[in-house]
Each structure stands twice: as structure tokens, then as C-alpha cells.
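Q: Hi! I'm new to this one, could you walk me through it?
A: Happy to, let's bring it up and chat.

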Amino acid sequence: MGWDDFMRVDLRVGRVVSAEPFPQARRPAYILHVDFGPELGVRKSSAQITAQYTPEALVGRLVVGVVNFPPKQIGPLMSECLVTGFHDADGHVRLCVPDGDVAPGTRLL
């Protein structure tokens, strides 16, 4: 595995523009609409982050997402990106976020 393998995964910064409960999901989740800038636009994702975040607290936040995986059907939702995070000590997902203001669409290097 090398640098070229890493670069095949397109990780970009996006800004959450809306978040709502996803009651049809098997496990508690939100539907996120994430703006990845003018090149990629707004994409939908299902995120199992209900233990640590409220929909209101997510709007306006920067996140890191994979934007080049194929869309995935999750119940009635076609997920168009994968929002990234880490499990904390309790097994809840904490979002992977930049530590400062970064323009939506910026690629992780």
C-alpha cells in the first residue's frame, strides 16, 4: 500500500446545510445534506451520530467526507457521500473535522 492508494480516496471538506432525523434507518441516524463546494455541490449522507449531536448543532459545521465512493442505498435514502468519524470510548461516533475554517470542497492531503 502506498501514496497512490491513499490518493484514490477523495476526502473533502463539506459544510452541513441541513440535518434531520432518519426514522427509517435500522439504527438511529440523521440525514445530512453536505455542501462540498461549487465543483461537487450538495450531497446526502446517512450518519449514525445521534448520540453525540443534535440536528440543530450540526447545521453549519464542517465535516470531512469521502465523495468518490459509489452511491449506496440505505433504506429509502440514496447516500451520496460518506461522512467520516471516530468511535469514542463509549462506542459513539465523533465527527472528523478540520481544526479551522477551510473552504468546502478542499481536498484532504
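A: Let's start with Asp-10, which counts as buried because its relative accessibility is 11% (buried is under 20% relative accessible area, exposed is over 50%, and partly exposed is in between, using a 1.4 Å probe and protein chains only). This is a predicted model, where local features need pLDDT of at least 70, side-chain atom pairs count only at pLDDT 80 or more, and totals for chains, interfaces and linings use all residues. Residues are numbered from 1 along each chain as its sequence is written, and side-chain values use heavy atoms, with hydrogens and water left out.

Q: Thanks! Where is Asp-10 found?
A: Asp-10 is in the loop between H1 and S1. Helices (H or I, at least four residues) and strands (E, at least two) are DSSP runs, numbered from the N terminus.

Q: And what is Asp-10 in contact with, neighbours within four places in sequence aside?
A: Asp-10 contacts Gly-65, Val-66, Val-67, Asn-68 and Arg-107, where contact means heavy atoms within 4.5 Å.

Q: Which residue forms a salt bridge with Asp-10?
A: Arg-12 does, and the closest N and O atoms are 2.7 Å apart. A salt bridge here is a side-chain nitrogen of Lys or Arg within 4 Å of a carboxyl oxygen of Asp or Glu.

Q: Is Arg-12 buried or exposed?
A: Arg-12 is buried, with a relative accessible area of 11%. Asp-10 and Arg-12 are also linked with Glu-39 and Arg-107 in a network of salt bridges.

Q: How many salt bridges does a search of the whole structure find?
A: It finds six. One of them joins Arg-8 and Asp-5, with the closest N and O atoms 2.4 Å apart. Arg-8 is exposed, at 57% relative accessible area, while Asp-5 is partly exposed at 26%.

Q: What about Asp-101, which side chain does it meet in a salt bridge?
A: Asp-101 meets Arg-15, at 3.3 Å from N to O. Asp-101 lies in the segment after S9 and Arg-15 in strand S1, so the pair ties together parts that are 86 residues apart in sequence. Asp-101 counts as exposed at 71% relative accessibility, and Arg-15 as partly exposed at 27%.

Q: Switching to Val-9, where does it lie?
A: Val-9 sits in the loop between helix H1 (3-7) and strand S1 (11-21). Its relative accessible area is 29%, so Val-9 is partly exposed. Not counting residues up to four places away in sequence, Val-9 touches Val-66, Asn-68 and Arg-107.

Q: New topic: what volume does the largest pocket have?
A: The largest pocket has a volume of about 810 Å³. Of the 33 residues lining it, the closest to its centre are Arg-27, Ser-46, Ala-47, Gln-48 and Ile-74. On a 1 Å grid over the protein atoms alone, a pocket is an open set of points where a 1.4 Å probe fits, with protein on both sides within 12 Å along at least five of seven lines, and lining residues have an atom within 4 Å of a point. Grid points are joined across faces, edges and corners, and the volume is the space filled by probe spheres set on the points.

Q: Which strands each supply at least two residues of that lining?
A: Strand S3 (42-47), strand S5 (72-74), strand S7 (82-83), strand S8 (85-87) and strand S9 (93-95) do.
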